Amino acid sequence: MCGIAGIVYKDKKLHDIGNDMTNMLHQLQHRGPDSAGYSIYGGTGLEDDEYILKIQVKESEKLLEKVKDTINFITPIKQDAILPSVGDSFIYKCRISLDRFCELKPLITKVDTIDDVIVINGSHDFEMIKDVGSVLDIAERYDVRSVKGTHAIGHTRFSTESGVDRYHAHPFQTYIVRDISVVHNGQITNYWKVRDPLERKGHKFETFNDTECLVHYIADKLDTGYSLEEALKQSVEDMDGPFSYIIGTPQGIGIAKDKLGLRPGVMAETDDVFAIASEEVSLREVVDTHHVEQISPGEVMVYEI
């Protein structure tokens with residue numbers, strides 16, 4: 001089932017968007033009890049060559065030192081912190097610099113070779129926060145309500161086809177294009193037909209989750225010259241199955257829905273805010289209007305600031 005949500009503040013200023021998205025997702029909690037996640041854009045304050053890594057590390061003697069040594073061998077760690085989490089692991093968060101964006105994925109791949117370690121996220125312009133558990137528990141665990149930004153997307157997950165863990169929680173991202181992430185409700189039933197040509201082009205998949213295939217597809221289109229709107233329209237033609245999804249970019253968000261309209265979606269807009277969600281009750285947390293529109297079957301939309 002799953003619940004998805006997105007919000008954009010039109011003035012491009014920083015707002016309490018972590019708080020807003022938490023409230024929106026809490027209203028969609030009944031749609032996905034397994035895990036939840038956020039991509040919050042615009043508030044990282046990083047220099048252009050800086051990136052944030054979030055790495056899941058199992059509680060084990062000297063394992064964190066091995067992670068740090070691996071990163072420092074490639075680029076010095078500028079700042080770091082340990083984020084307590086659930087289970088037998090914690091999240092190691094660090095800030096690094098790289099000369100080029102294309103160096104980020106090889107660094108992540110190198111860290112991923114360490115046993116009992118997995119990189120959850122590497123980004124420049126957005127903060128990704130995702131974990132197992134309820135929305136409110138995750139928000140408290142990572143102090144999400146204090147995170148500021150200009151726009152965000154979020155997800156509550158009901159797992160149907162892959163593991164319930166931190167890594168498989170949404171959002172998903174790819175490192176083909178910088179800072180692209182996606183949240184998705186539904187199924188891509190021609191998953192292998194879409195994935196196979198992407199792998200032949202060199203895309204590396206880490207899971208069998210169809211949402212990962214979706215974000216690779218959009219990133220590939222953007223990387224080959226498509227506009228976001230063109231990529232979304234082509235996805236509606238190429239993807240089979242019931243789906244609705246929201247793409248987050250540094251410039252805004254994009255929305256697409258399957259031709260049969262088999263997954264719900266509503267949106268609303270005021271002078272200050274544009275918001276979208278699986279259900280109207282979620283919109284009411286951030287938009288004070290009675291003018292709510294259904295997302296039509298096959299509809300795509302891009303809202304940039």
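**Exercise 1. Two helices**

Is the crossing of α6 and α7 left-handed or right-handed? Work out how these helices meet.

*Solution.* Start with the ground rules. The model is predicted, local features need pLDDT of at least 70, side-chain atom pairs count only at pLDDT 80 or more, and totals for chains, interfaces and linings use all residues. Residues are numbered from 1 along each chain as its sequence is written, and side-chain values use heavy atoms, with hydrogens and water left out.

Step 1: find the elements. Helices (H or I, at least four residues) and strands (E, at least two) are DSSP runs, numbered from the N terminus. Helix α6 covers residues 210-223 and helix α7 covers residues 228-238.

Step 2: take the angle. Axes are lines fitted to C-alpha atoms, for helices over the stretch in contact, and angles run from 0 to 180 degrees between N-to-C directions. The two helices pack at about 135 degrees, with axes 9 Å apart.

Step 3: classify. Under 35 degrees counts as roughly parallel, over 145 as roughly antiparallel, 65 to 115 as roughly perpendicular, and the rest as oblique. Therefore α6 and α7 are oblique to each other.

Step 4: A crossing is left-handed if the near helix is turned anticlockwise from the far one by less than a right angle, and right-handed if clockwise. The crossing of α6 and α7 is right-handed.

Step 5: list partners. Contact means heavy atoms within 4.5 Å. From α6, Tyr217, Ile218, Lys221 and Leu222 take part. They meet Leu228, Ala231, Leu232, Gln234, Ser235 and Asp238 in α7.

**Exercise 2. A serine in a strand**

Is serine 35 buried or exposed?

*Solution.* Locate the residue: serine 35 lies in strand β2 (residues 35-41). Its relative accessible area is 1%, so serine 35 is buried (under 20%; exposed is over 50%, partly exposed in between, with a 1.4 Å probe and protein chains only). Now look beyond neighbours within four places in sequence: the contacts of serine 35 include Asp131, His155 and Ala169.

**Exercise 3. An open sheet**

In which order do the four strands of the open sheet stand?

*Solution.* Two strands pair if DSSP finds at least two bridges between them. The order is β4-β5-β3-β6, with antiparallel pairing. The edge strands, β4 (79-83) and β6 (117-123), each pair on one side only.

Zoom in on one pair. β4 and strand β5 (residues 89-97) share five bridges. Alanine 81 stands opposite lysine 93 in β5. Glutamine 79 stands opposite arginine 95 in β5. β4 and β5 form a hairpin with five residues between them. In the turn, glycine 87 has a positive phi of about 80 degrees.
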